[in-house]
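User: I would like to learn how to read a model of this kind one feature at a time. Could we begin with the surface and then work inward?

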Amino acid sequence: MKNLAIIPARGGSKRIPRKNIKDFLGRPIIAYSIEAALQSGLFEEVMVSTDDEEIAQVARQYGANVPFLRSSKTADDFATTAQVLEEVILLYQQQGRSFETACCIYPTAPLLSPAALQKGYQLLQEKNYDSLFPVLRFSFPIWRSLKLEEGKVHLNWPEYLNHRSQDLPPAFHDAGQFYWFNIASFRTKQALYTDNTGALELDELEVQDIDNETDWKLAELKYKLLHHLD
């Protein structure tokens, strides 16, 4: 299979220092993303794109390749994920290696399972999507959401005030774990999200955004529940 796993993990994390290699239940958190990719059996190459030598060393320790370090241009606070992926693909081409499909896997996704990667890849191929990513359903209808203005409560969509919750359409958000994409389509459209992007719905227990210490503890609790750990 001409599939490439790209795990972007720069060194400069602001909200949680050294987040990408911080200990998560006894192992660096990036190890979980690397192992999910390897255990899926889908990839010819699992690589980590980083500007940081310590992250590179940890990545290699857990089985990923780091064939080159990220440039300073794609390692700053303003570089987009698409720019990082484009750089990786170009550098592989310069080495004489090309791939048909790639999956960008985030380094702080310890709840990611090999099965989710496999299901995502299967849908990408079957539906001929440009790209695909996992989504999570909002637990409460966003159409009944509120906003605060000078301490007063207002409905974002007043027209739905008298609608029953069960009659409102479900809404979803990006689960923030991975993006499968067709490389040719990506390079043509320069975007991971297009009008031909599919989705894989995940359960709430399989997803946790990690932006602060509370999120980190919740992710550890969910991991223990998923894997039946004490």
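User: Which residues form a nonpolar patch on the surface, and about how much accessible area do they have together?

Analyst: Before anything else, keep in mind that this is a predicted model. The nonpolar patch on the surface is formed by Leu146, Leu148 and Val153, which together have about 330 Å² of accessible area. Leu148 belongs to strand 7, which covers residues 146-149, and with a relative accessible area of 65% Leu148 is exposed.

User: Moving to helix 2, which of its residues are buried?

Analyst: In helix 2, which runs over residues 53-61, the buried residues are Ile55, Ala56, Val58 and Ala59. They sit on the same side of helix 2, because the arc they cover around the axis is only 165°. The face turned away from that buried side carries Glu53, Gln57 and Gln61, which are exposed.

User: What covers the buried residues of helix 2?

Analyst: The cover includes strand 3 (27-28), helix 1 (29-40) and strand 4 (45-49).

User: And how should I read the two ends of this helix, where is there a side-chain contact at the start and what follows the helix?

Analyst: At the start of helix 2, the thing to look for is a side-chain oxygen and a backbone nitrogen, and here an oxygen of the Asp52 side chain comes to within 2.9 Å of the backbone nitrogen of Glu54. After helix 2 comes Gly63, which has a positive phi, near 105°. Asp52 and Glu54 also belong, together with Arg18, to a network of salt bridges.

User: Where is Thr50 placed, and is it buried or exposed?

Analyst: Thr50 is in the loop between strand 4 and helix 2, and its relative accessibility of 0% makes it buried, since buried means under 20%. The Thr50 side chain reaches the backbone nitrogen of Asp52 at 3.1 Å. Leaving aside residues up to four places away in sequence, Thr50 touches Ala9, Arg10, Ile55, Ala56, Val66, Leu69 and Arg70; among these contacts, Ile55 and Ala56 are buried residues of helix 2.

User: What does the side chain of Asn3 make a polar contact with, and which residues does Asn3 touch?

Analyst: Asn3 is found in strand 1, residues 3-8, and is buried, with 2% relative accessible area. Its side chain makes a polar contact with the side chain of Tyr121, at 3.5 Å. Beyond residues up to four places away in sequence, Asn3 touches Leu42, Phe43, Glu44, Glu45, Phe99, Thr101, Tyr121 and Trp180.

User: Which residue forms a salt bridge with Lys189, and why does the pair tie together parts that are apart in sequence?

Analyst: The partner of Lys189 is Asp130, and the closest N and O atoms are 2.5 Å apart. Because Lys189 lies in helix 5 (residues 183-189) while Asp130 lies in the loop between helix 4 (114-127) and strand 6 (131-137), the pair ties together parts that are 59 residues apart in sequence. Lys189 is partly exposed, with a relative accessible area of 41%, whereas Asp130 is buried, at 10%.

User: Finally, what is the phi of Asn128, and what is that of Gln190?

Analyst: For a residue other than glycine, a positive phi is worth noting together with the location and accessibility of that residue. Asn128 has a positive phi near 55°; it lies in the loop between helix 4 and strand 6 and is exposed, at 61% relative accessibility. Gln190, which is not a glycine either, has a positive phi of about 55°; Gln190 is placed in the loop between helix 5 and strand 11 (197-202) and is partly exposed, with a relative accessible area of 46%.

Terms used:
Residues numbered from 1 in each chain as written. Predicted model: local features only at pLDDT ≥ 70, side-chain atom pairs only at ≥ 80, totals over all residues. Heavy atoms only, no water. Buried < 20%, exposed > 50% of the residue type's maximum accessible area, 1.4 Å probe, protein only. Helix = DSSP H or I, 4+ residues; strand = E, 2+ residues; numbered from the N terminus. Arc of directions from axis to C-beta. Contact = heavy atoms within 4.5 Å. Polar contact = N/O pair within 3.5 Å; in protein donor to acceptor, adjacent residues only side chain to side chain. Patch = residues over 30% accessible without salt bridge, like charges linked within 9 Å, V, L, I, M, F, W, Y side chains within 5 Å. Areas by Shrake-Rupley, 256 points an atom, 1.4 Å probe, with all protein chains shown as cover. Salt bridge = Lys/Arg side-chain N within 4 Å of Asp/Glu carboxyl O.
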